[in-house]
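The sequence and the model come first.

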Amino acid sequence: MPNILASVGDGSVTLTAEAVKRLLERGEGDAALLYLALLRHHGNVQPRSLASELRWERIRIENAENTLREIGLILPQTADLEPADEKPSYQQTDIIEKLEQDAEFRSLRTEVERRLGKKLTTPDEAVLLGLYDYLGLPADVIYLLVCHCAERVAQRQGEGRRPTLRQIEREGYYWARQGIDNQAAASEYLRKYHERQGLLPQYMRVLQLGSRPPAAGEEKYLLAWLEMGFPPETVAVAYDKTILKCHELKWPYCNGILKRWHAAGLHTVDEIERHDHPGKQAEKEAPQKDEKDVAWMRKYIRQRDKGV
């Protein structure tokens with residue numbers, strides 16, 4: 001039988017027999033098409049970045065991506081995805097082409113420039129395109145990301161200060177690792193973030209650091225302690241122990257105390273006191289036992305005297 005496939009160029013992709021078997025057994029055409037698109041890019045792009053190329057709605061490409069993960073044809077979401085990974089090096093021609101062909105990206109660039117109050121340079125646009133095209137983050141999520149970074153920098157460094165696109169990129173990769181890739185997930189993350197931020201002043205006060213906002217390095221410790229489940233009162237105890245030993249606040253030493261308590265399952269002041277001073281707890285319980293014995297004896301004597 002003659003070959004009926006039309007020749008459309010020299011480029012080729014290769015499917016292994018096992019990959020074909022898994023795709024046929026699953027029987028989902030979208031998954032097969034997405035897999036072919038990924039092979040065309042040699043697996044060097046995130047699946048969701050191909051939505052515009054395939055002309056699919058994002059929900060459609062997400063379903064196809066999940067199918068490929070389930071049948072083991074693409075790797076699970078990895079935690080070591082970093083901006084330093086191998087990623088496309090977008091040139092000015094790539095950016096111009098994307099701006100001309102993709103109205104959503106064009107609108108995103110305009111809104112980001114407005115939010116940051118500056119015109120994006122070509123390297124800035126390349127970073128933005130990486131978030132949109134390589135990571136596959138939706139435009140509305142990227143805009144929330146930019147606003148979040150801008151607010152955080154303004155709070156830490158003062159009004160008028162703006163984040164760099166590299167700072168935004170690092171946070172974008174963090175969002176991607178956490179699976180924050182839709183508006184609902186982004187909104188929930190930001191809600192929890194602001195909730196945690198509202199608690200930080202209490203921790204700063206018990207550490208005798210006043211009302212100033214924590215520096216970036218300090219904030220990492222405080223957020224980690226919050227994540228472990230330590231209330232400010234427990235941090236205050238760890239602070240006292242740190243001062244007694246070091247005569248000043250040394251964050252690593254204080255963190256070491258809290259990490260040991262966390263590993264032992266101790267989080268409240270009462271739990272720590274019972275663990276450190278078990279005898280005191282016994283002393284508290286002993287009088288209660290004596291009082292019960294005395295009450296029983298008195299009742300017995302009264303009944304005896306009445307001749308019961």
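V235 is buried, with a relative accessible area of 0% (buried means under 20% relative accessible area, exposed over 50%, partly exposed in between, with a 1.4 Å probe and protein chains only). This is a predicted model, in which local features need pLDDT of at least 70 and side-chain atom pairs count only at pLDDT 80 or more, while totals for chains, interfaces and linings use all residues. Residues are numbered from 1 along each chain as its sequence is written, and side-chain values use heavy atoms, with hydrogens and water left out.

- V235 is found in helix 12; helices (H or I, at least four residues) and strands (E, at least two) are DSSP runs, numbered from the N terminus.
- Neighbours within four places in sequence aside, V235 is in contact with Y203, V206, L207, W225, F230 and L258, where contact means heavy atoms within 4.5 Å.
- From V235 to T268 the C-alpha to C-alpha distance is 9.4 Å, and the two are 33 residues apart in sequence.
- T234 also lies in helix 12 (residues 232-246).
- T234 counts as buried because its relative accessibility is 0%.
- Not counting residues up to four places away in sequence, T234 touches L258, W261, H267, T268, V269 and I272.

**Aromatic pairs**
- Rings of Phe, Tyr and Trp (its six-membered ring) pair if their centres lie within 6.5 Å; planes under 30 degrees apart count as stacked, over 60 as edge-to-face and the rest as tilted.
- By this rule there are 7 aromatic pairs.
- The pair of Y221 and W251 is stacked, because the ring centres are 5.6 Å apart and the planes are at 20 degrees.
- This pair links distant parts of the chain, with Y221 in helix 11 (residues 216-228) and W251 in helix 13 (residues 251-263), 30 residues apart.
- Y221 is partly exposed at 24% relative accessibility, and W251 is buried at 13%.
- W225 and W251 also form a stacked pair, 5.7 Å centre to centre with 20 degrees between the planes.
- That pair again links helix 11, which holds W225, to helix 13, which holds W251, across 26 residues.
- Both W225 and W251 are buried.
- One aromatic cluster is formed by Y174, W175, Y189 and Y193.

**Helix 9 against helix 10**
- Helix 9 (residues 165-177) and helix 10 (residues 183-206) have axes that come within 12 Å and cross at roughly 110 degrees; axes are lines fitted to C-alpha atoms, for helices over the stretch in contact, and angles run from 0 to 180 degrees between N-to-C directions.
- Helix 9 and helix 10 are therefore roughly perpendicular to each other (65 to 115 degrees; under 35 is roughly parallel, over 145 roughly antiparallel and the rest oblique).
- E171, Y174 and W175 of helix 9 meet A186, Y189 and L190 of helix 10.

**Nonpolar cores**
- The largest nonpolar core has 34 residues, of which L108, L116, I142, I168 and W175 touch the most other members; such a core is a set of buried Ala, Val, Leu, Ile, Met, Phe, Trp, Tyr and Cys residues joined through side-chain atoms within 4.5 Å.
- Helix 5 (92-101), helix 6 (103-116), helix 7 (122-134), helix 8 (139-157), helix 9 and helix 10 each give two or more residues to this core.
- A second, separate core of 20 residues includes W225, L226, V235 and C254.

**Whole chain**
- The chain has 15 helices and 0 strands.
- Of its 308 residues, 36% are buried.
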